[in-house]
Each structure stands twice: as structure tokens, then as C-alpha cells.
Amino acid sequence: MVMRMLVTGGAGYIGSHLVDRLVHLGHNVSVIDNLSTGSLQNLHGAQPHIEFVEGSILDEALVERLVRDTDVVFHLAAAVGVGHIVEKPLASLITNVRGAEHVIGAAMAYDKRLLVASTSEIYGKTKKMPMSEDDDRVLGSTTIARWGYSTAKAIDEHLALAHAAEGRRVSVVRYFNSYGPRLDPRGYGSVVANLMRQALNNEPLTVHGDGTQTRCFTYVTDTVECTVRAGLDDGAQGLVFNVGNDRETTILELARKIIALTGSRSDVSFVSYEARYGKGFEDTVRRVPDVRRARDVLNFSARVDLDEGLQRTLTWWRETYA
């Protein structure tokens with residue numbers, strides 16, 4: 001059945017791939033994005049088939065109008081990236097809380113199906129692995145701006161799930177280190193983008209701490225496939241899903257993979273967290289998702305391994321920035 005879809009943040013890295021997928025499935029798609037970190041170039045292939053509105057989710061009247069005329073809302077618009085959050089904590093909080101309130105409120109007022117995109121930052125610095133959707137959150141002090149992102153997205157989840165408890169059609173996804181084509185070369189929210197840019201410029205690859213911290217990297221087509229299923233499958237309503245794979249890679253190993261793949265002359269440069277993010281910054285040593293719920297409810301498992309995904313990303317990067 002053809003439906004009308006709204007994607008907030010649809011000109012962003014993940015959002016634009018989601019738009020492409022929804023268009024490919026035959027749906028009518030509208031996009032709202034303020035282009036602060038998104039780009040119209042990301043929508044180049046989809047533009048003949050979509051309605052694009054340049055605007056902010058902080059514009060409540062605009063959000064209400066767009067939501068009213070749609071069937072399903074995919075809410076991806078957010079201030080993202082640890083560096084961005086630390087540098088602009090107030091603006092980030094306002095976007096991630098007030099903006100989400102506008103989108104969620106409008107979707108509930110007009111009884112629309114809603115998918116809220118969240119983050120693995122929700123789990124904070126828990127040592128329990130793998131991270132399961134119902135696990136406790138472990139955060140640092142409110143004096144550390146970094147934890148404001150996790151807290152803001154948790155508020156979004158609480159709001160969405162409170163509506164779900166009232167019988168509304170809502171689901172939540174938590175992204176784990178998505179990467180792939182259309183990553184912002186400035187590296188917003190992506191260690192892969194930063195390392196790829198540095199390697200191709202034959203610059204030292206910045207690795208924070210000692211590089212033994214691990215992450216599980218998810219290629220963007222997998223990220224989007226799970227998002228679509230969580231947003232459209234009736235069985236997903238009222239649930240939170242980790243979106244990722246459970247194969248761990250150290251950041252140092254990732255840097256070395258990228259150096260080898262690109263043929264770069266770069267070396268690895270170890271930089272302290274304090275030098276980059278300021279005093280008191282904390283990072284999580286491991287971040288591994290429990291992926292059983294997505295597998296059992298959505299019949300989803302990530303398919304693209306890291307080596308293949310990095311090669312696809314490098315091919316796109318060279319075609320785009322050569």
C-alpha cells in the first residue's frame with residue numbers, strides 16, 4: 001500500500017538513505033531539514049520524487065502542517081556528534097528536546113504512526129555487555145556537557161513510549177555507529193569519516209586515548225533497513241530496538257584498516273580526550289548492542305561486514321571528492 005511518509009532530518013546522512021529507500025518502496029515522501037548538517041546533494045537522486053521543505057523542527061506550525069498531511073513520520077532530525085554537543089550544549093538540547101516535542105506532539109495529535117530515532121549514547125558508560133534495550137542507564141555528572149545528549153534523547157524516548165503506553169503507534173530505534181556513503185567529511189558524529197578524511201589527505205589519524213575502546217560499526221543500508229521495518233511493522237509498536245551488529249572493532253584497529261585500504265602514508269596519532277573535548281570528558285570503553293530483539297521481532301540482522309562497508313564508503317568518497 002502506498003503511504004505518505006515524512007522524514008525529519010531527511011537531507012542528513014542516514015535520513016537521505018532512508019528517503020531513497022522509502023521512494024524505492026513506492027511511497028510518497030516529504031522531507032524537512034534545516035540543512036545545518038544535511039545537504040541537498042544527499043537528496044539528488046530522490047528530489048524528482050519527493051517534496052522538500054527547508055525548515056526547522058523548532059517551527060511548531062510548520063511541523064504540524066507537514067505531519068497533518070502524512071501517514072507515517074520518521075523522526076531523525078537532531079543535533080548529533082559528541083564534538084558538536086560539547087561545543088554547543090544549549091542549542092543541542094533545545095533542538096533535541098523541544099524539536100522532538102513538536103514532532104511527537106503533532107504525530108500524536110493527528111494519530112500518525114511514528115518512528116523516533118535515538119542513539120546508543122542512551123546507555124552511557126554502563127559496563128554491562130551486550131547492551132539490551134531494557135538495561136539501566138549509567139551516566140556521568142550534569143556538569144559534563146557530553147551527557148546532555150544522552151539525557152535529551154532519553155527524554156524523547158520517554159515521551160514517545162508514554163504515548164505508546166496509551167495505545168499509540170510509536171516505536172524507537174537506537175543507532176550504533178552507522179557509517180557509509182554521504183558521511184559528512186567534516187566528521188560530524190562519525191569516527192569513520194574523520195579517519196577516512198585524514199587517511200586520504202595523508203594526515204595523522206587521530207585516535208583518542210589508547211585506541212583500545214571498541215565500537216560495533218553498522219553499514220548504512222543495514223541501518224536503514226532496520227529503521228524501515230521498525231517504522232512500518234505493526235509488531236514493532238511500543239518497542240525499542242538496537243540497530244547495529246555485535247561485531248566489535250577497536251578504534252586503533254579501525255584506523256589501521258583505513259590506512260591499509262586507502263594506501264595512505266599516514267601514521268596513527270594518539271590524542272587525549274581532554275585535549276579534544278576538555279577537562280572531565282568521559283568515553284565508554286565498549287559499546288556492543290544486544291541485537292536479539294531486532295532479529296526476533298523484525299527478522300533483521302546486519303548483513304554488511306566492516307571490510308566490505310569501508311570499501312563501499314571509500315569508493316563513494318573518491319567518486320565524490322576526487
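Predicted model: local features only at pLDDT ≥ 70, side-chain atom pairs only at ≥ 80, totals over all residues.
The structure holds one cavity of 30 Å³ or more, and the volume of the largest cavity is about 40 Å³. Its lining is formed by N177, S178, Y179, G189, S190, V191, V192 and F217, with β7 (178–179) and α6 (191–200) each contributing at least two residues. Sorted by class, four of these lining residues are nonpolar and four are polar, while no charged residue is present in the lining.

The second largest pocket, with a volume of about 200 Å³, is lined by I122, Y123, E133, D134, D135, R137, A154, E157, H158, L161, R174 and V240. Helix α5 (residues 146–165) provides the largest share of this lining, namely four residues.

R287 is located in the loop that runs between α9 (273–277) and α10 (292–298). Because its relative accessibility is 5%, under the 20% cut-off, R287 counts as buried. The side chain of R287 is joined to that of S120 by a polar contact of 3.5 Å, and to that of E121 by a polar contact of 3.1 Å. When residues up to four places away in sequence are not counted, R287 touches S120, E121, G124, M129, M131, R146, F176, N177, T214, R215 and C216. Among these, N177 also belongs to the lining of the largest cavity.

Technical notes. Residues numbered from 1 in each chain as written. Heavy atoms only, no water. 1 Å grid on protein atoms, 1.4 Å probe; cavity = no way out; pocket = protein on both sides within 12 Å on 5 of 7 lines; lining within 4 Å. Points joined across faces, edges and corners; volume = space filled by probe spheres on them. Nonpolar A, V, L, I, M, F, W, Y, C, P; charged D, E, K, R; others polar. Buried < 20%, exposed > 50% of the residue type's maximum accessible area, 1.4 Å probe, protein only. Polar contact = N/O pair within 3.5 Å; in protein donor to acceptor, adjacent residues only side chain to side chain. Contact = heavy atoms within 4.5 Å.
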